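We will take the chains piece by piece.

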Amino acid sequence: MRFALAWRILTYDTGRTALAVAGVFMAILLVFVQLGFFIAVPQGGMLFYDRTRFDLLIASNGYEYQVQPGDFPLSQLDRAKTAPEVALAAPLYFGEAKWRSGEDGKAPDVFVIGLDPQARIFTVEDVNRQLAVLDRTDTALVDSATRPMFGPLTAGRVVEIDGDKVTIGGDYVLGTGFMGLGVILVSAPNFVRLFPYRNLSQVNLGLIQLKPGIDPDLAAASLRKLLGSDIQIFTRPELEAHETAYWTTRTSVGLLFGSGLIISFIVGVMVVYQVLATQVSRQLPQFATLKAVGYADRFLGGTVITMALLIAMAGFFPALAAAQGVYAVIREETLLPVEMSGTRVAVVFAAALAMAAGSALLSMSGLRRADPADLFG
Amino acid sequence: MTATPRLGRQRRSVGFVPLAWRNLLANKPRLLRSSGGIGFAVLLMVMQLGFERAFFNASLEVIRLLDGDIFLQRASKYRFATENPFPSRDLEAARAVPGVASAWPLYAAWHRLFWRNPADGKNFLVRVFAFDPDQPILSLPELDANLKGLSDLDTAIVDRRARRFLGMDPAPPAAELNGSRIKIIGSFALGPDFENDGTVVTGDRTFAKLLPNPRGGPPDVELGVIKLTPGSDPITVNRAITAAVPTDVAVLTKGQLLELERKFQADVSSAGPIFAMGTLVGFVVGMLISYQIIYTDLAEQQPQYATMKAMGYRSRYLVQVVLEQATLSALAGWVPASLASIVLFRIVGEVALLPLRMTVELALVSLLLTLSMCLISAVLAVRRVITADPAEVF
């Protein structure tokens, strides 16, 4: 009965209801978008790790985040290799150089990743297929997300990086995340050729792959004992927690999109409230009549809540569909991995219901004015 | 229709706004609701616009502080915050050009110097600017008091508004840069941007000691800051300097320097579209809310409007009343929202250390958006008045 009444009121004035649904749609869409950015930033920071094969990460004690990892001796990695749990320990070298062959004579900074091609550390088939190219002298693979200001990324093009001529061996699809405007992969020997002052015996990160069936937490504990306290060891969940905390608390990202999130939620409440309050005051005589014939306030309140929930649901599903489209545009434009996840849909759905409930509660006060005596005033 | 002119006079005597004003005040709870609804939509727009401006301003702040007329930098330098210095002899060449009063170097490091927070011993990358303390080229008033001390080796001034984990507020008595002990002799308030957590200013000698030039001699110059003699023609001097320096050094005005950075940020970052989208949503939601309000109001007042029509008021006048009312409700939403955003900007700006400011420009832009949002919805809703049929009243 509550549902039937709510439905009748909403369908009685379809124009007004459509307006409310449109408002809720916009507000929920905005919540999705803000949430998308809020999560996309840490995800952008995790991009490299997410596409790399490892069970444990070894880093210096000065490790800040992926791009500022500090360094530690290669000998620690060699020692890790002797542990019975470890199948593979691969070093990673990071460097920043000037790409002197940019458009308009500009020299943008390029993020250089030095690695052992044999270790096949990426989960991206596109990279693995081309790794053999890296064994050639002064040859690099370029991330396809490298910005247009770097000029064409065609295979065979010779570019100047710092003082060296480097041949582009091909491009791969992984994503630059927050590593920089452009990213290239080179072999360790080519890495020291680019950075003569760097020494391969100091590594930036160590990727550990464990033998099948080994528990990462237990292996991390025994490696910590083996390698001492000069380095730190992250399991994958620990690393994700660390990077997410870095991006949401150490940068302004959390606050910017967090406050956007809250305001869009309130705007959603205001829109639904606006419509409900109008409906309540318009139907006041009818509500008063219902009261007069014996319906309790609870029934009337329930009707208003049902109306709110119906509006919220009608706005939610189109907003979900539109958000998918907006995410696709954002992915395209910002190269950030903004994706719809089950949890996100659930969280926003809960927020939409909370929006409805909040606005229903606000408009309830109008109901109390529904005085049967007024009917005959 | 002899009655119309008389009513026209009467309208004037009633005044321009009162009918709209009375309509607005007739239902206080509804007024509260409408200014709340419109207000939050405005708040959303203002916050998004403010964030966008803060994003760009944060990276432009230092460039604005540079005290010079003409600037030299590597032609291949694509943004301010990248190390791409040129030899100091090129600056000497510019100094010799007639019309140049002074030409001083700004030294900078963005990713070569680590600050050790004395409180917890952790190391963080900071940006460091350095110059000859006798020739201050950053116009930060607080710097001037400490310039004398900067001539001493191993001294620095730090940014109180740096991110808190750096431990620069309050300035510690001493800290370390790349392992060298540095005496902190003062502080200034600048603030971080999206890539730099904190700023340290040192004298040129300290900088040269921290990051010696591998080829010997003074460090290479990140930016040459040139001042012209009074009365000299900037364009002529600019041309003469361009001729005097190698082609891989670019000669820029401050406007060009700012424009290069702004263009880089706009091209590369997604801040523009991100915040534009938020603003647009605020606008549409605000339109929906104000349409809802005006439409309801018109529906309720339809008998009154029809009566007025029957009395001979023209539709034009009635439309005008509706538009006036829309303008008033726009203001009723905009005023509290602007006041609220001043407070919110202050709070968020302090917590996030961003230059969030309610400027006159931002106030005007948001007022314009609010007015157009309410007026568009009024125009959409007003058809109801035009079609008000006097006959229906009876």
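Predicted model: local features only at pLDDT ≥ 70, side-chain atom pairs only at ≥ 80, totals over all residues.

Residues are numbered from 1 along each chain as its sequence is written, and chains are lettered from A and ligands numbered from 1 in the order in which they are written.

Let us begin with chain A. It is divided into domain 1 (2-45 + 252-376) and domain 2 (56-213); such bounds come from an automatic or database domain assignment. The C-alpha centres of domain 1 of chain A and domain 2 of chain A lie 48 Å apart. Between them, four residues of domain 1 of chain A meet seven residues of domain 2 of chain A, where a contact means that two C-beta atoms, placed from the backbone, lie within 7 Å. On the domain 1 side there are two nonpolar, two polar and no charged residues. Here Ala, Val, Leu, Ile, Met, Phe, Trp, Tyr, Cys and Pro count as nonpolar, Asp, Glu, Lys and Arg as charged, and the others, Gly among them, as polar.

Now find helix 2 of chain A, residues 14-50. Helices (H or I, at least four residues) and strands (E, at least two) are DSSP runs numbered from the N terminus. Because 27 of its 37 residues are buried, helix 2 of chain A is largely enclosed by the rest of the structure. Buried means 20 or more other C-beta atoms within 10 Å of a residue's own, exposed means 12 or fewer, and partly exposed lies in between, with C-beta atoms placed from the backbone. This helix bends by about 40° at A:G44, the bend being the angle between axes fitted to the seven residues ending there and the seven starting there.

Beyond its neighbours within four places in sequence, A:V272 is in contact with residues including A:A20, A:V24, A:I311 and A:M355.

A:M355 is also one of the buried residues of helix 11 of chain A. A kink of about 30° is centred on A:L362 in that helix.

Chain B is assigned domain 1 (3-60 + 271-393) and domain 2 (87-247). Their centres, taken over C-alpha atoms, are separated by 49 Å. Five residues from domain 1 of chain B and six residues from domain 2 of chain B make the contact between them.

B:E61 is partly exposed, with 15 other C-beta atoms within 10 Å. Setting aside residues up to four places away in sequence, B:E61 touches B:L190, B:G191 and B:P355. B:E61 and B:P355 are 294 residues apart in sequence, yet 8.8 Å apart in space, C-alpha to C-alpha.

Finally, look where the two chains meet: 37 residues from chain B and 41 residues from chain A take part. Helix 10 of chain B gives the most to the chain B side, with twelve residues. That side divides into 24 nonpolar, twelve polar and one charged.
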